Amino acid sequence: MKILSRAKQILKILLTEEEAIPVKSLAEKIGVSKRTTQRELEYISSYLKGYDIKYFSKTGTGIWLEGTQDEKDRLLSFLCQEESPDVPNKEERRKRLILEILKEKGLKKLFYYSSQFGVSEATASTDLEAIREWLSGFGLDIIRKPGSGIYVEGTEENYRKAIGAFINENLDTSLLRESYENTDEMPGNYEYTRKSGIHGILDESIVKKVMECINNIDDSRVASLTENSYMGLVIHIAIAINRIMKNEVIEESGKIEEDIVKDVDYSLAVKIASKLEEDFQIEIPEIEITYIWLHIKGSKHEKIQYGNIQPLAGGRQLRQLVNEMIDAFDQENAYLVKQDDEFLQGLLAHLQPTIIRLVHGMKIHNPMLEEIKRSYAELYRKCESVAKVLGESLCKEVPPEETGFLTVHFGAAMVRLEGRKEKLRQVHAGVVCSSGIGISRLMSSKLKKVFRNKMVLSTYGKNDVTPYIIGKTDFFISSIPLEIEEDVPVLYVNPLLNEKDMEEIRRLFYKYERLPQKHEETGSFQEQLDQINKMAAQIKLLLKYMGFFKVNGTITFDKLLVMTGEEISPYSDRREMIREALQRREEISSQIFAEFGFALLHARTKGVVRPEFTICTTHDRKPFQDAYFKNIQVVIIMLVPEDENTQINNEIMGYISSLLIEEADFLEVLKYGRKEEIRDMLSVFLKKFFNQYISKI
């Protein structure tokens with residue numbers, strides 16, 4: 001028979017007592033009421049079956065067990081063995097101790113914790129001191145009250161933060177989600193959550209109901225949440241509902257109420273709260289809605305919707321912060337990093353929930369932190385300077401977890417920057433299974449999501465791998481043994497492509513995208529000619545229609561955008577598209593480079609049908625007077641149409657952008673030269689670029 005935890009505590013005490021013990025004294029030892037203890041004692045005899053031990057109770061004397069010492073030792077040994085697998089080592093035991101403390105508030109005797117984990121009271125006391133630092137990170141403290149017991153002091157808000165952080169740090173959120181969504185179909189996952197002990201602080205029925213409620217809300221902001229953020233929201237709400245049912249509600253905070261901006265995310269929080277009230281038949285206080293809103297604002301999303309980015313606390317201030325962070329990361333490459341639209345868009349989207357988390361003291365778990373510190377030590381060190389800029393702007397300390405996420409963003413930008421300096425090519429990989437239909441298609445689908453158009457993937461059956469296929473493939477990814485005589489790498493992987501497999505694939509991909517193309521297929525020379533012709537055509541269009549116009553030195557930035565549209569297109573609708581595209585790009589990160597004396601306004605837009613390179617100066621060639629321009633002398637406008645030549649046009653514009661920094665003479669001509677002088681010098685540089693392109697292709 002399975003012996004319940006509290007019954008184990010009672011039996012352990014009775015087995016070690018040499019005489020009768022009053023029920024009241026027993027209750028004090030295990031930290032519960034006398035009535036609760038009496039209720040447990042009703043079942044004690046049933047646990048003694050199979051042992052030659054009897055339970056006795058006598059009013060005025062107390063309760064005791066009678067039996068030989070050998071039998072008592074046998075039962076005591078069984079009680080300790082039953083629990084020992086749950087706490088195999090000190091670290092695991094202390095994690096479970098944190099979990100035990102977070103389950104419920106209130107006084108507990110030291111014996112309660114020692115008996116829970118089958119250790120001495122001295123060891124339990126040492127463990128409590130060891131976990132004190134972790135708890136203090138959430139504003140909680142262990143208080144020892146002589147004669148009464150031990151309890152944890154802290155606000156309800158801090159309790160909840162600690163619970164959420166504990167779950168993030170110690171549980172796989174994807175397994176947690178699957179275990180609650182599919183308890184019948186996924187018994188292994190359900191067993192995982194049972195063993196984790198998480199049911200002690202999360203009511204299974206509440207969690208399931210919360211998940212159903214959130215999943216039934218049709219909102220893209222919920223659908224795009226990352227796995228960790230989704231489960232974080234579910235857990236946050238489940239804890240809140242459980243506490244509301246116990247009348248343990250967070251106290252109102254005037255400071256938080258002052259910070260509320262009732263935006264679309266707040267409306268979503270209200271929508272979720274209304275559905276929860278309906279499903280649980282409870283009333284959710286305003287402060288709890290505010291905390292749901294904060295959690296949504298502080299969540300990470302898998303997809304970034306460009307048009308939905310709303311800069312916080314003043315767009316210009318946030319753009320300035322982004323520029324300062326980039327400068328702190330790498331002063332030498334700052335200008336080129338600021339031209340990386342993908343990086344800027346991603347960093348801006350990442351910063352918005354990050355700022356919410358930092359301002360309101362919300363913790364985030366970063367499972368990759370130690371790996372990032374170990375594998376990208378130099379990048380992490382540089383990002384500590386970035387985090388310092390962010391922390392100083394908010395008057396908050398940025399924790400290592402957030403610095404780790406910043407490292408990922410900046411690291412990706414540096415990889416792209418290096419990629420622009422060297423010729424990268426598409427990698428051709430073959431994915432193999434027995435038939436080429438089942439498992440290989442699943443693996444291919446997962447790989448496409450990761451590598452997108454950077455890797456050309458072909459699926460094959462075992463018998464499809466001919467010498468011709470081998471000749472055009474860089475490497476193979478296979479779930480079955482292959483007999484290939486040619487010297488071509490084969491990665492043997494788990495059909496589900498675990499993280500170790502993905503890392504090996506990334507390693508080979510990185511290697512081959514930098515190596516020369518394998519033996520070309522018939523017709524590839526024609527393809528090369530097509531590429532060269534396309535590049536030549538785009539360069540020719542750019543030079544032929546290069547624009548140049550002058551404006552009054554007092555012009556404002558907004559008016560300049562309007563005039564730019566008018567100069568480039570005769571159509572009113574396209575003029576507006578151009579203005580909007582340039583405005584949107586400027587809102588992500590300012591392109592006014594006062595230290596170099598120019599502004600670079602660039603965007604991809606449907607407002608143009610060919611690559612546009614246009615120069616704007618003042619009539620007298622003196623600096624622009626409007627404060628926004630910071631005394632720059634020239635504005636360079638580069639626009640790329642949204643068509644099949646986007647990649648080629650981006651290469652051209654990227655090359656011209658680098659000239660602005662690397663070629664002082666070119667910038668000088670842009671500032672003071674006539675239109676034909678500018679075109680002539682640009683032609684010289686683009687000829688050099690075109691020759692390099694031909695040699696690489």
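**Sheets, helix packing and salt bridges in the predicted model**

In the predicted model, four strands are arranged as an open sheet in the order β6-β5-β7-β8, with parallel pairing.

In β9, the covered face is made up of Gly547, Phe549 and Val551, whereas Phe548 and Lys550 belong to the uncovered face.

Packing between helices was examined for α2 and α3. Two packed helices are described by the angle between their axes and the distance between the axes. For helix α2 (residues 23-30) and helix α3 (residues 34-41), the axes come within 9 Å and cross at roughly 100 degrees; the two helices are therefore roughly perpendicular to each other. The contact is formed by Val23, Leu26, Ala27 and Ile30 of α2, which meet Lys34, Thr37, Gln38 and Leu41 of α3, and the residues involved divide into five nonpolar, two polar and one charged.

Side chains of opposite charge can pair when their charged atoms come close, and with a cut-off of 4 Å between nitrogen and carboxyl oxygen the count comes to 18 salt bridges. One of these links the side chains of arginine 144 and glutamate 129, at 3.4 Å from N to O. Since arginine 144 lies in strand β3 (residues 141-145) and glutamate 129 in helix α8 (residues 121-136), the pair ties together parts that are 15 residues apart in sequence. Arginine 144 is partly exposed, with a relative accessible area of 36%, and glutamate 129 likewise counts as partly exposed, at 38% relative accessibility.

In another salt bridge, the side chains of glutamate 676 and arginine 679 meet at 3.3 Å, N to O. Both residues lie in helix α32 (residues 675-696), three residues apart, which is about one turn of the helix. Glutamate 676 is partly exposed, with a relative accessible area of 40%, whereas arginine 679, at 16%, is buried. Elsewhere, salt bridges that share partners join Glu129, Arg132, Asp141 and Arg144 into one network. A salt bridge also forms between arginine 610 and glutamate 612, with the closest N and O atoms 3.3 Å apart; here arginine 610 is partly exposed, with a relative accessible area of 24%, while glutamate 612 counts as buried at 6% relative accessibility.

Leucine 107 is placed in the loop between α6 (90-103) and α7 (110-117) and, at 38% relative accessibility, counts as partly exposed. The C-alpha atoms of leucine 107 and tyrosine 151 are separated by 4.8 Å, although the two residues are 44 residues apart along the chain.

Note on methods: Residues numbered from 1 in each chain as written. Predicted model: local features only at pLDDT ≥ 70, side-chain atom pairs only at ≥ 80, totals over all residues. Heavy atoms only, no water. Axes fitted to C-alpha atoms, helices over the stretch in contact; angles between N-to-C directions. Parallel < 35°, antiparallel > 145°, perpendicular 65-115°, else oblique. Contact = heavy atoms within 4.5 Å. Nonpolar A, V, L, I, M, F, W, Y, C, P; charged D, E, K, R; others polar. Buried < 20%, exposed > 50% of the residue type's maximum accessible area, 1.4 Å probe, protein only. Pairing = 2+ DSSP bridges.
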